[in-house]
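Subject: Handing over the structure, with notes

Dear colleague,

I am passing on the structure we spoke about, together with the notes I made while going through it. Please open the sequence and the coordinates beside this message as you read.

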Amino acid sequence: MRIYFVRHGQTDSNLLDALDTDIPGAALNGQGRAQAAALPGHWRDLGLPRLDGIVTSPLLRTRQTAAALAAAHGLVPVIDRGVREVRAGDLEMLYVADAPSTYLAVVADWLHGKRDRRMPGGESGYQVIGRVNAALRRAAQRWGEEAAVAVVAHGCLIRYATASLVEGISPELAMSQPLRNCSITAVEGTPEQGWSARMYSSKPIDEWEVPDEVNSFRRSIQVLRG
């Protein structure tokens, strides 16, 4: 099975660095709408195959991002709560007092083996990985293990899940390299046998230079400002 994790297009919450994880969440802004409209062309430029299915989170920004890609492939996206963003809990919509750093520090602990730690007022790392695995199993059951499926989801969710589940995407890669809006991370495998990486943030895995030691997440706002 080929899974293509797509991060949603840009929102104003991205620009604020706000922890926007509750339903419905922010809509795409003008830049995000342009990114989503360009996604089918980006797909073709990367030489990716025709899709058999598309999964989105229930948040508005992922559903808006998937629209043009779904139309290009003649598909109707399926909403799955298993791929919604890592819940911010008590930190929801905070971008003062460095709440985003607290949020990412919890996810970093998950990647370093402390998956029983909970986000303040939110989920544990075990719960997040459990729901992502369940969503991937549902996709395999729906479309089959030879299918190509896009999963339109969220930056932190994709970084944590792929670094936890996918051979070739290390915690150091995911923590040091945020995903750009509407970038594509490609993996192959099955829920039972595991996954291997082909692409991270629209670049082949073997082209990434990964630092030897990374202790904290680089925040996505740094990509927008870079």
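What follows is an account of helix packing, strand pairing and a few individual residues.

Please keep in mind throughout that this is a predicted model.

Helix 5, which covers residues 125-143, packs with helix 6, residues 155-165, at an angle of about 85 degrees, and their axes are 10 Å apart. Since angles of 65 to 115 degrees count as roughly perpendicular, helix 5 and helix 6 are therefore described as roughly perpendicular to each other. On the helix 5 side the contact involves G125, Y126, V128, I129, R131, V132 and N133, and these meet L157, Y160, A161, S164 and L165 in helix 6. Sorted by type, the residues of this contact divide into 8 nonpolar, 3 polar and 1 charged. Helix 6 is also mostly covered, with 9 of its 11 residues buried; the buried residues include L157, Y160 and A161, as well as R159 and T162.

Another group of pairings is built around strand 7, residues 194-200. Strand 5, residues 166-167, runs parallel to strand 7 and is joined to it by 2 bridges, with V166 having W195 as its bridge partner. Strand 8, residues 203-204, pairs with strand 7 in the antiparallel sense over 2 bridges, and the bridge partner of Y200 is K203. Strand 7 and strand 8 likewise form a hairpin, with 2 residues between them, and S201 in that turn has a positive phi of about 50 degrees. S202, placed in the loop between strand 7 and strand 8, also has a positive phi, of about 65 degrees, although it is not a glycine.

H8 lies in the loop between strand 1 and helix 1, and its relative accessible area is 2%. Because residues under 20% count as buried, H8 is buried. The side chain of H8 is joined to that of R61 by a polar contact of 3.3 Å. Leaving out residues up to four places away in sequence, H8 touches N14, R61, T62, T65, A153, H154, N181 and C182.

In the loop between helix 1 and helix 2 you will find D17, which has a relative accessibility of 16% and so counts as buried. The phi of D17 is near 65 degrees, a positive value in a residue other than glycine. Beyond residues up to four places away in sequence, D17 touches L94, Y95, P100, R219 and I221.

P24 also lies in the loop between helix 1 and helix 2, and the peptide bond leading from I23 to P24 is cis, with omega near 5 degrees. G25 and L60 are 35 residues apart in sequence, yet their C-alpha atoms are 6.0 Å apart in space. Not counting residues up to four places away, G25 touches D20, L60 and R61, and R61 is also among the residues that H8 touches.

With best regards

How values were computed:
Residues numbered from 1 in each chain as written. Predicted model: local features only at pLDDT ≥ 70, side-chain atom pairs only at ≥ 80, totals over all residues. Heavy atoms only, no water. Axes fitted to C-alpha atoms, helices over the stretch in contact; angles between N-to-C directions. Helix = DSSP H or I, 4+ residues; strand = E, 2+ residues; numbered from the N terminus. Parallel < 35°, antiparallel > 145°, perpendicular 65-115°, else oblique. Contact = heavy atoms within 4.5 Å. Nonpolar A, V, L, I, M, F, W, Y, C, P; charged D, E, K, R; others polar. Pairing = 2+ DSSP bridges. Buried < 20%, exposed > 50% of the residue type's maximum accessible area, 1.4 Å probe, protein only. Polar contact = N/O pair within 3.5 Å; in protein donor to acceptor, adjacent residues only side chain to side chain.
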